[in-house]
Amino acid sequence: MAHGPAKGISRWLFTTNHKDIGTMYLWFSFAMFLMGGVFALVIRAELFEPGLQIVQPEFFNQMTTMHGLVMVFGAVMPAFVGLANWMVPMMIGAPDMALPRMNNWSFWILPFAFAMLASTLLMEGGAPNFGWTFYAPLSTTYAPPSVTFFIFAVHIMGASSIMGSINIIATILNMRAPGMTFMKMPLFVWTWLITAYLLIAVMPVLAGVVTMMLMDIHFGTSFFDAAGGGDPVLFQHVFWFFGHPEVYIMILPAFGVVSQIIPTFARKPLFGYASMVYATSSIAFLSFIVWAHHMFTVGMPVAGELFFMYATMLIAVPTGVKVFNWVTTMFKGSMTFETPMLFSLAFVVLFTIGGFSGLMLAIAPADFQYHDTYFVVAHFHYVLVPGAIFSITAAVYYWLPKWCGRMYDETMGKTHFWLAFLGLNLTFFPMHFVGLAGMPRRIPDYALQFADFNMIASVGAFLFGAAQILFLYNVIATIKKGKPATDEVWENPEGLEWTVASPAPYHTFTTPPQVK
């Protein structure tokens, strides 16, 4: 007897459908985004004015740790995996992912990992308090008991990422439709193919470093303990060999997203498709040989400083190629400014600002001044918030009509954009100034001269947080009662009819409507 489709909870528990799994990843990542955001708002509330207001320094450090871990591993990475699950099979003409049962498994271990990580807040000694980079010996010799649970959670997250990556690679390599050659794949597919290889390369390194921590804590080894012949700087080398490619894992799929959206709203094919593919590959390769630019202050040899300085600056070249191509795609295009395009434009401008401050940090002697100040916080948030978060948001607005057949409220979408844009810049731009003036990061109190900029930053953070509630409402309202989306969902608003002469129709996913 044939069984019908599963209903209720069992549909979601046992599903092997790439769309269902993509949906679960996206909702899970949004829940983690809100949780990580609350941790950030605790930090900003404490820093609203000088002195200790609402939390103790110990809890403040726990918040900085949890905010970083949840945002990186719980919000950004699962969101991009969710977008990959939804879009990659459809973009390459595959019926589903190559390994659908593993797809289900790779998602369902995540809620348990993050439940365990969050539960450390309730444990004796509190949550991990050593920052998201968990440097030894803070995370080994001086760690709270909950660090063991943190290590287990990291292992589970890593296993999920590796399984997801294997699945994406197997799908793209083996399940493309006839005629879908590599150089006809949409840019989003290319960026995820490259990202998946990065994940498989570096996740075992993260697993290795947390296992070495576990051995140091419980089994009497001294990998990172100088008293036993170990070296805490070894931890930094191993961690950042994972950590720097990880930064690109969080931004390469974003490059793919905006490379889909900008051509649609510029009504032109993407400029320099092949150069985009090669630039993405170059960035991925170079990401493996720049890790010690996070460590200029540890006392490495000058030759090492020079190598990592120049290698870091070299990454600016392929990144500049991508920005040039996006701008050139828009040049003389018939541009309209719907919500996905607004987020994509903000991505290009603000990500570039983050890139420039990254070049400043790459200069080894100058980095001695910037290191561990709020200038670094400003830099990586200008890369990750407009980079990863804005691109994910743009992707949701762009593909939501395709996913649920309904159109979101454009006015509400644009309101969300402008509130988020304003909140983001109010929060992070002042951090450049307080950082250059010497304000150290991860400290719950600060000198009086930093008070005004910190007050502005805290107001901006709460504004940014409020904008995300509007986003949540818009998405739910769209799914429940949005107007039905037409076939020509990104039709020219002026009602003009136009066409695109493209040598390969695959370069943009949502192809603009053709002349009738």
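Predicted model: local features only at pLDDT ≥ 70, side-chain atom pairs only at ≥ 80, totals over all residues.
Start with the overall division. The protein splits into domain 1, residues 18-231, and domain 2, residues 251-501. Their C-alpha centres lie 20 Å apart. The two parts touch: 47 residues of domain 1 are in contact with 53 residues of domain 2.

How much area do domain 1 and domain 2 bury between them? The figure is about 4,100 Å². Carbon and sulfur atoms account for 78% of that buried area. Across the interface of domain 1 and domain 2, the rule finds zero salt bridges.

Now turn to helix H3. This helix covers residues 57-92, which makes 36 residues. Does its length agree or disagree with what a helix of 36 residues should span? At 1.5 Å a residue, H3 should span 52 Å. Its end C-alpha atoms are 51 Å apart, so the two values agree. H3 also has a bend, of about 35°, at methionine 71. Most of the helix is covered, with 31 of its 36 residues buried. After H3 comes glycine 93. The phi of glycine 93 is positive, near 80°.

Next, the salt bridges. How many does the structure hold? There are two.

The partners sit in unlike surroundings. Arginine 11 has 36% relative accessibility, so it counts as partly exposed. Aspartate 20 has 11%, so it counts as buried, the cut-off for buried being under 20%.

The other pairs aspartate 372 with arginine 441. Here the closest N and O atoms are 3.0 Å apart.

Arginine 441 reaches 19%, and because buried means under 20%, arginine 441 counts as buried.

Definitions and conventions: Residues numbered from 1 in each chain as written. Heavy atoms only, no water. Helix = DSSP H or I, 4+ residues; strand = E, 2+ residues; numbered from the N terminus. Expected span 1.5 Å × (residues − 1). Bend = angle between axes of the 7 residues up to and from the residue. Buried < 20%, exposed > 50% of the residue type's maximum accessible area, 1.4 Å probe, protein only. Domains from an automatic or database assignment. Contact = heavy atoms within 4.5 Å. Buried area = accessible area lost by both parts, 1.4 Å probe. Salt bridge = Lys/Arg side-chain N within 4 Å of Asp/Glu carboxyl O.
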